[in-house]
Amino acid sequence: MKRNTWQEYQKEVADDNYYYLRSCIRQNFFPGSEKAFVKIIRDELGRNIFDDPAHTSCTGIGYHSDIVLHETIMTVVARQFSLMQDAGLENAAVSCITSFGIYTEVLETWREFPEVEERIRENLYKATGREFYKPRNLAHTSDIIFHHREAIRDRAKYLLVNRRTGEPLRGVEHIGCHYAKIFPKEGIGGVEFPYVLAGMIEAWGGTVVDYPERRHCCGFGFRNYLVQANRGYSIGNSQKKLESMAPYKPDFILTNCPGCGMFLDKWQYTIAEIEGTTYGEDGKGIPVLTYEELAGLVLGYDPWELGLQMHQVDVEPLLNKMGIEYDPAAKYLMPNGKYIGRPAQAAVNMGVE
Amino acid sequence: MGKYYDMLMEDVRMREGMKACMNCGVCTAVCPAAEFYNYDPRQIVSTVQTKDDDAIETLLRSETIWYCGECMSCRPRCPRGNTPGYVIQALRTLSQKLGFFVESEKGRQQLALKRIIGGNILRTGYCLTPRLINPDMHQEQGPVWKWIYDNDKDVYSRFNPTYMQEGPGAMRRIDDKSMAELTRIFEVTGCMDFFDSIEESSDRKARELGFDGANDEYMMYTYTVNSGNHN
């Protein structure tokens with residue numbers, strides 16, 4: 001039964017020729033991840049990817065804060081498709097889980113209500129003179145890394161194996177609500193047995209740790225974080241997940257959605273400051289990584305070129321377990337060695353030694 | 001009876017999200033907002049499907065429709081294929097169109113969201129940009145974010161030489177033609193009028209509450225004040 005259910009939720013992922021749609025949150029908090037994604041696809045795997053400066057936000061955070069109308073976001077999405085058409089591409093590669101949920105929802109809405117699609121075509125033409133075709137393939141960028149996971153393994157410089165003990169490192173994964181809860185068939189493994197991140201961890205030598213609140217929301221809740229008065233909701237839900245996973249002693253948290261990654265990183269800091277509680281080993285936090293960062297580490301990219309110094313929770317415990325060679329003193333320096341100061345020390349961030 | 005229900009059903013998300021609720025409560029059981037707030041999505045769907053105008057108007061003026069985090073955890077769990085999160089989205093849109101949102105503390109926060117997120121979209125083409133996330137308003141972001149914020153050009157340029165300039169890459173400046181197209185989409189699809197109506201309703205309410213209109217002081221009031229009456 002379990003095996004059959006997972007088999008049902010396989011999706012086609014394009015092998016080449018991607019139109020890249022960047023994410024507001026990933027660009028803000030993990031710009032090194034988006035840089036690494038393009039590098040992996042283009043330089044490591046030799047695939048074609050177009051990074052179009054003309055695309056905008058999908059406006060999804062505004063939509064899920066209920067200030068951007070449904071009609072508006074559907075027309076913004078139609079413009080992105082029009083840009084993809086201009087580029088002569090058909091495979092949309094979406095860097096954000098919120099955006100991915102929106103693109104899937106818009107396409108499904110148009111399939112179910114063709115009159116809505118016609119109206120959006122009229123809106124777009126009236127607003128911009130543009131026309132569009134729909135993507136042949138729509139994938140989240142984690143789907144694409146998953147699709148190429150064995151090729152990445154073939155080029156691996158480091159594996160998710162404890163260099164000292166030889167044991168697989170233990171990862172917990174968080175796929176993000178909008179990846180598969182809205183349209184389960186659009187996610188690898190669906191909503192019941194999501195495998196997109198677990199498949200990467202296993203392919204790269206690690207093991208996936210299950211825990212009771214594995215599928216609970218990270219706590220973003222859009223207006224529940226964006227408005228200062230509501231942030232108790234956000235930290236409360238993240239805390240529930242962290243409390244649930246901590247007894248299983250994960251070596252790292254792997255996230256699909258850039259928002260989830262940011263919250264599980266930043267709320268560890270806040271909880272440590274408010275309550276003195278930390279969830280990792282030796283009073284430290286649990287390192288939180290994006291899948292691009294994890295792929296980059298496996299491929300031997302420099303941690304600071306991946307942007308791991310932009311995390312609030314120190315990642316060094318994971319780097320050390322993997323046996324990665326890096327320069328601890330270069331963490332907060334610019335590539336030319338320029339010193340621009342360093343962050344104040346915190347319970348989950350000790351800064352450079 | 002049914003006026004508000006009919007208005008709601010003009011929203012395609014209602015047709016997709018509400019078929020026939022049997023009040024099993026699975027949505028409430030899995031709901032992160034229901035754990036945190038005094039909130040029950042089952043009751044909301046149950047109320048809407050009565051089609052009772054008085055009951056729906058009470059909802060549209062209430063705190064409760066603003067608690068949902070739109071995570072959509074309810075969607076795959078409903079045995080009848082309903083999506084309470086879609087019903088919430090439709091209720092929130094209608095509440096703002098009718099000006100009822102200002103009658104609740106949580107609803108009044110829409111002004112802050114419109115100005116902060118909506119304003120940033122129209123200014124930059126992004127929902128979020130680094131300069132928007134001021135550490136003074138986001139202490140939870142921690143000292144590493146403050147270091148990034150204080151040195152944003154150095155830090156981001158490491159990952160994209162065209163940070164805040166035209167060209168491809170992370171946090172690039174989006175060109176004027178693309179911004180003009182985005183703005184025109186907001187005009188054509190009614191979102192500019194929607195923004196104006198949020199401002200007008202907020203201004204009316206601000207004066208009623210003793211502010212000198214929906215000025216920055218009022219916006220900060222909606223953004224920061226929590227009466228503590230929600231749990």
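## Basis of the description

The model is predicted, so local features need pLDDT of at least 70 and side-chain atom pairs count only at pLDDT 80 or more, while totals for chains, interfaces and linings use all residues. Residues are numbered from 1 along each chain as its sequence is written, and chains are lettered from A and ligands numbered from 1 in the order in which they are written.

## Overall architecture of chain B

Chain B contains 14 helices and 0 strands. Helices (H or I, at least four residues) and strands (E, at least two) are DSSP runs, numbered from the N terminus. The C-alpha trace of chain B spans about 60 × 45 × 40 Å along its principal axes.

Of the 231 residues in chain B, 49% are buried. A residue counts as buried if 20 or more other C-beta atoms lie within 10 Å of its own, as exposed if 12 or fewer do, and as partly exposed in between, with C-beta atoms placed from the backbone. Among the contacts in chain B with a separation of 6 or more, 61% join residues 24 or more positions apart. Two residues are in contact if their C-beta atoms, placed from the backbone, lie within 7 Å.

## Interface with chain A

In the interface, 68 residues of chain B are in contact with 75 residues of chain A. On the chain B side, these residues divide into 34 nonpolar, 20 polar and 14 charged. Ala, Val, Leu, Ile, Met, Phe, Trp, Tyr, Cys and Pro count as nonpolar, Asp, Glu, Lys and Arg as charged, and the others, Gly among them, as polar.

## Packing of α5 and α6

Helix α5 (residues 41–48) and helix α6 (residues 53–60) of chain B pack at an angle of about 140°, with their axes 9 Å apart. Therefore α5(B) is oblique to α6(B), a term for angles that are not under 35 degrees (roughly parallel), over 145 (roughly antiparallel) or 65 to 115 (roughly perpendicular). Axes are lines fitted to C-alpha atoms, for helices over the stretch in contact, and angles run from 0 to 180 degrees between N-to-C directions.

Ile44(B), Thr47(B) and Val48(B) of α5(B) meet Ala55(B), Ile56(B) and Leu59(B) of α6(B). The residues of this contact comprise 5 nonpolar, 1 polar and no charged.

## Loop residues with positive phi

Asn23(B) lies in the loop between α2 (12–17) and α3 (26–30) of chain B. Its phi is near 60°, a positive value in a residue other than glycine. Asn23(B) is exposed because 10 other C-beta atoms lie within 10 Å.

Met171(B), in the loop between α11 (152–157) and α12 (176–188) of chain B, has a positive phi of about 55° although it is not a glycine. Met171(B) is buried because 26 other C-beta atoms lie within 10 Å.
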